[in-house]
Amino acid sequence: MYTLLQYLHTLSDPEGLTRTLRGIDIMRSADGRPVFSSGNSAATFRLRIDGHEKALKCYFTPHPHLKEIYGDRLLEKELYLFTSPHSGEWVDVVLNDWVEGISLDRAVREAAARRDTATLEHLSRSFDTLALDLLGKEWAHGDLKPENILLTPDGRLQLIDFDACFLPRFSGERSAEIGTAAYQHPTRDNTIFDVHIDDYPIALISTALHALCCDPSLPERYPSDGLIFTPGHIARSAALDQTLSLFERRGMAAAYHIALLLLSPTHRLPRLEGYLHALTQRPCAVDPLPELFVEEGLWGFRTPHEVVIPPLYHSGFDFTEGLAAVELGHTWHFIALDGTVRLTFEGCQAVKPFRNGRTRVLRNGELFEYDTEGRLFEN
């Protein structure tokens, strides 16, 4: 209904064209161009108002839920927009504080290009923490993607663009927007509108970030509209197969199971929150020694009072001499009490718990013995 050019025309000289805002100064780049970003449904302009930097969001078509989502930040009938040389109409805008930063998408791609795994690990941890907090809310963002997450100068991640947000009061309604296809469950349409709409994009982004920590070259080998994966082709994705293999070989059990959630036939991922907890919280030393237990086909470790290491493994043995043998996929690892991987044995059929400083490993029908540092004993 409205165009970017119309907004640029009004904001180039807004005197007398605003209802409540005064002293608007549209900020410009070094070459004199207005600073703004534009998407399919709106454009956001960087302004200075009374010495404060603001973000003014201007919509190309009416949006039904802006008042509920933005509250007082929605300025109704605020801007007079010329729709012809001699006439126009008053339109709604949203005014937010300007958030300085770069998009998570840009930060990730730049770090991957320079093979900066330290930065990728920081971004991965920060996103998992943000995602875990978001899953605990009664609302959902609705268009969760790296472009809608800003990395601020102090290293924090901050969400922006809440136009597709779900609030409890919207239950039973259809969504006005369905998010970006590159980060949404393949079945997502406007009838799917509930607190779980962020589950799948959280799993997708977390998996991609952890995969890039293992191998920053993945986007070059598996180009997609997203960071690595294309949701519509996820069931036959070579990128997902490669990612699962990376996680299995490194003993990244929680990340491995989050990656498997990408094959879910529905957008609701009830186990996601538990797996994210396992990613973000490292177990502490406990007494008595935790014992093996099974839950829904996966093995973990617990004391009589608490779960120490959640059920993430396909098989395992109790702790002996400070280490426990666990199987993830088809790879055996020895983990410490804090869940960290100490030893890895690929391509073997079985391992035995440590006794007197040695473990026995069965590989191709032969038994080999290793010490706690992974050194092979020669017979």
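Biologist: Is Ser-206 buried or exposed?
Modeller: This is a predicted model, where local features need pLDDT of at least 70, side-chain atom pairs count only at pLDDT 80 or more, and totals for chains, interfaces and linings use all residues. Residues are numbered from 1 along each chain as its sequence is written, and side-chain values use heavy atoms, leaving out hydrogens and water. Buried means under 20% relative accessible area, exposed over 50% and partly exposed in between, with a 1.4 Å probe and protein chains only. Ser-206 comes out at 1% relative accessibility, so Ser-206 is buried.

Biologist: Which helix is Ser-206 found in?
Modeller: Helices here are DSSP runs of H or I with at least four residues, numbered from the N terminus. Ser-206 belongs to helix H5.

Biologist: Which residues is Ser-206 in contact with, leaving aside neighbours within four places in sequence?
Modeller: Contact means heavy atoms within 4.5 Å. With those neighbours set aside, Ser-206 is in contact with Phe-127, Asp-128, Ile-258, Leu-276 and Leu-279.

Biologist: How do the axes of H8 and H9 run relative to each other?
Modeller: Axes are lines fitted to C-alpha atoms over the stretch in contact, and angles run from 0 to 180 degrees between N-to-C directions. The axes of H8 (residues 253-260) and H9 (residues 272-280) come within 8 Å and cross at roughly 155 degrees. Angles under 35 degrees count as roughly parallel, over 145 as roughly antiparallel, 65 to 115 as roughly perpendicular and the rest as oblique. H8 and H9 are therefore roughly antiparallel.

Biologist: Which residues of H8 make the contact with H9?
Modeller: On the H9 side, the contact uses Leu-272, Tyr-275, Leu-276, Ala-278 and Leu-279. From H8 come Ala-254, Ala-255, His-257 and Ile-258.

Technical notes: Helix = DSSP H or I, 4+ residues; strand = E, 2+ residues; numbered from the N terminus.
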